[in-house]
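Q: Before we look at any single feature, could you take me through this model step by step, giving the general idea and then the case at hand?

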Amino acid sequence: MQMNLVLKYTTSLLTSFLLITPALGAPWPERPIKIIVPYPPGGGVDGVARTYAQRLGEILNTTVLVENKAGASGAIGADLVAKSAPDGYTLLIASPAEVVVGPSAGQKVPYDPKVDLIPISLIGETPLVIAAHPSVPAKNLNEFIVLAKANPGKYSYGTPGNGSSMQFAGESLNAIAGIDILHIPYKGAAPATADVLGGQIPIAIVGMPPTIAHAKNGKITILAVTSEKRSAAMPDVLTVAEQPGMKGYRFTNWMGLFVPAKTPNEITNKLASATAKIVKEPAIRDKLLSQGVEPIGSSPKEFSEFLKQEYTTYSKIATDRNIKMNE
């Protein structure tokens, strides 16, 4: 009887050991890692992901591949990662759209970004710009606000689409400045930028990187950037928050690293540590800055707090200004 109990206990210990050994076994990573970018190649998120991926692979001594899974304003790629195995081999570099903005604007997504994805690090962010055709008689945002108040209903602004962070920035501007410029949604930033360059619309609110060259050659006027601080790429351009009565205004396109829920702490800690190291390296910082991206490399806790603030901001504006993704 006693021998049977001993055998049973020994067998139980062995079974438990075998069950936990895989989790404690081979060090991570032991095979290539995929970074999912939920947008087509060539865009701002894609550029940051490829800069980051190459260096991450060198630090982790493995291959890091970037895969573009575009569609549904980023939701297709985000859903793929949310439903992936939590083993550290499928990562997401996301923007505000698929994590905060779309859900705040009522987009129906098949995942819960607050539950199904773990935030690892805010890699960097880039301001939006309020860009005007040169025919608009304003050299900065304050002059434009005066102009819009004197001519109610005359001016409009283009964005990449309904429910985009750019629409949120525009409607927040309307609310705080007390103006009424009409939103014109486009199917992407490229056509909105093209139409402000061609003078079909007077104003566009878009991401900064594609506008830098046009601003330098005088084809558009950048009235303001939407970040908290001035951009290193356009240091002479005032922020919206620097304009009279606009203190606290802030909208950015950011790029953050996420993993599926239940990914082990050992892996998330390694990723967070590697990311903080990468964005501090002079060569990487210079490359990101050249793309109009301010490197950050926050901790998981800092990124989580940042996301809470983003959810609060976007949810309030969506309610106050009746912003809906599919309208």
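A: Let us begin with a cut-off, because a residue is called buried when its relative accessible area is under 20%. Please keep in mind throughout that this is a predicted model. With that cut-off, strand β9, residues 252-260, is mostly covered, since nine of its nine residues are buried.

Q: How many helices and strands does the protein chain have, and what share of its residues is buried?

A: The protein chain contains 12 helices and 10 strands, and buried residues make up 49% of its 327 residues. The C-alpha trace spans about 95 × 40 × 30 Å along its principal axes. Among the contacts with a separation of 6 or more, 76% join residues 24 or more positions apart.

Q: Which strands pair with β9, and in what sense?

A: In a regular strand the side chains alternate between the two faces of the sheet. In this model, strand β3 (residues 90-94) pairs with β9 in the antiparallel sense over three bridges, and Ala 94 stands opposite Gly 256 of β9. Strand β4 (residues 117-132) also pairs with β9 in the antiparallel sense, over nine bridges, with Trp 254 of β9 as the bridge partner of Glu 125.

Q: Where does Ile 120 lie, and which residues is Ile 120 in contact with beyond its neighbours within four places in sequence?

A: Ile 120 lies in strand β4, and its relative accessible area of 1% is the reason why Ile 120 counts as buried. Leaving aside neighbours within four places in sequence, its contacts include Leu 257, Phe 258 and Val 259, as well as Thr 268, Leu 271, Ala 272 and Phe 303. Ile 120 and Thr 275 are 155 residues apart in sequence, yet their C-alpha atoms are 8.7 Å apart in space.

Q: How many residues does the largest nonpolar core have, and which of them have the most contacts inside it?

A: The general idea is that, in soluble globular proteins, nonpolar side chains tend to be buried together. Here the largest nonpolar core has 53 residues, and those with the most contacts inside it are Leu 141, Phe 144, Phe 168, Leu 173, Trp 254, Phe 258 and Leu 307. Helix α12 gives the most to this core, with seven residues. A second, separate core has 30 residues, including Val 48, Val 66, Ile 267 and Ile 284.

Q: Where is the place of Leu 141, and is Leu 141 buried or exposed?

A: Leu 141 is in helix α6, residues 141-150, and counts as buried because its relative accessibility is 0%. Not counting residues up to four places away in sequence, Leu 141 touches Ile 130, Leu 173, Leu 223, Ala 224, Val 240 and Gln 243. Its C-alpha is 8.9 Å from that of Thr 239, although Leu 141 and Thr 239 are 98 residues apart in sequence.

Q: At what angle do α7 and α12 pack, and how far apart are their axes?

A: An α-helix has 3.6 residues a turn, so residues three or four places apart point the same way. In this model, helix α7 (residues 165-177) and helix α12 (residues 300-321) pack at an angle of about 65°, with their axes 10 Å apart, and the crossing is left-handed. The contact is made by Ser 165, Phe 168, Glu 171, Ser 172, Asn 174 and Ala 175 of α7, together with Tyr 314, Ile 317, Ala 318 and Arg 321 of α12. These contact residues divide into five nonpolar, three polar and two charged.

Q: Why is α4 described as largely enclosed by the rest of the structure?

A: Seven of the nine residues of α4 are buried, and therefore α4 is largely enclosed by the rest of the structure. The buried residues are Pro 96, Glu 98, Val 99, Val 100, Val 101, Gly 102 and Ser 104, and they pack against α3 (75-82), β3, α5, α7, β9 and α12.

Conventions:
Residues are numbered from 1 along each chain as its sequence is written. This is a predicted model: local features need pLDDT of at least 70, side-chain atom pairs count only at pLDDT 80 or more; totals for chains, interfaces and linings use all residues. Side-chain values use heavy atoms; hydrogens and water are left out. Axes are lines fitted to C-alpha atoms, for helices over the stretch in contact, and angles run from 0 to 180 degrees between N-to-C directions. Helices (H or I, at least four residues) and strands (E, at least two) are DSSP runs, numbered from the N terminus. A crossing is left-handed if the near helix is turned anticlockwise from the far one by less than a right angle, and right-handed if clockwise. Contact means heavy atoms within 4.5 Å. Ala, Val, Leu, Ile, Met, Phe, Trp, Tyr, Cys and Pro count as nonpolar, Asp, Glu, Lys and Arg as charged, and the others, Gly among them, as polar. A nonpolar core is a set of buried Ala, Val, Leu, Ile, Met, Phe, Trp, Tyr and Cys residues joined through side-chain atoms within 4.5 Å. Buried means under 20% relative accessible area, exposed over 50%, partly exposed in between (1.4 Å probe, protein chains only). Two strands pair if DSSP finds at least two bridges between them.
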